[in-house]
Amino acid sequence: MLSPVRIWRRQNVIRTILNRKGKVLTWTTIMVPGTDFKRYAPYTVILVEFENGERTTGPLVDSKDIQLVAGMPVVAILRKVRDTSAEDVIAYGIKFRPLPQSS
């Protein structure tokens, strides 16, 4: 179970990343996930470089019909990151959504 205190402390990190744009450097597809993430499998995790040069990783969402390529623009968004029981706090975190590529 995720601690509500841990989730609360992480909100400052999430706030600094939310809505930032970046580009995909590399990625991997998770076929056999841990218990909390089984419903999302298979899913893609990407390494993103933001416009200021900082890097982070996160799951890619809303990308079912998109050809993933290095340099693809993405934006950090807030989404539910794991399933919880009825009594647990709902955990939200950063995921990445593809942006339309400029032509």
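I began in the loop between E4 and E5, where isoleucine 90 lies. A reminder to myself: this is a predicted model.

**Entry: the surface around Ile90**

**Entry: strand pairing**
Next I followed E1, residues 21-30. Strand E1 runs antiparallel to E2 (residues 43-50), and I noted eight bridges joining them. Within E2, valine 48 is the residue opposite valine 24. Strand E1 also pairs with E4 (residues 73-80), again in the antiparallel sense, over three bridges. Here I found lysine 21 opposite valine 75 of E4.

**Entry: the core**
Which residues have the most contacts inside the largest nonpolar core? I got Ile46, Leu60, Val74 and Phe96, in a core of 13 residues. Helix H1 (4-17), E2, E4 and strand E5 (92-98) each give at least two residues to this core. I was pleased to see E2 again: its three residues are the largest share.

**Entry: Phe96 up close**
I listed the contacts of phenylalanine 96, leaving aside neighbours within four places in sequence. Among them are Ile46, Val48 and Phe50. The list also includes Val74, Val75 and Ala76, and a run from Thr56 through Thr57, Gly58, Pro59 and Leu60 to Val61. Ile46, Leu60 and Val74 were already in my notes on the core.

Key:
Residues are numbered from 1 along each chain as its sequence is written. This is a predicted model: local features need pLDDT of at least 70, side-chain atom pairs count only at pLDDT 80 or more; totals for chains, interfaces and linings use all residues. Side-chain values use heavy atoms; hydrogens and water are left out. Two strands pair if DSSP finds at least two bridges between them. Helices (H or I, at least four residues) and strands (E, at least two) are DSSP runs, numbered from the N terminus. A nonpolar core is a set of buried Ala, Val, Leu, Ile, Met, Phe, Trp, Tyr and Cys residues joined through side-chain atoms within 4.5 Å. Buried means under 20% relative accessible area, exposed over 50%, partly exposed in between (1.4 Å probe, protein chains only). Contact means heavy atoms within 4.5 Å.
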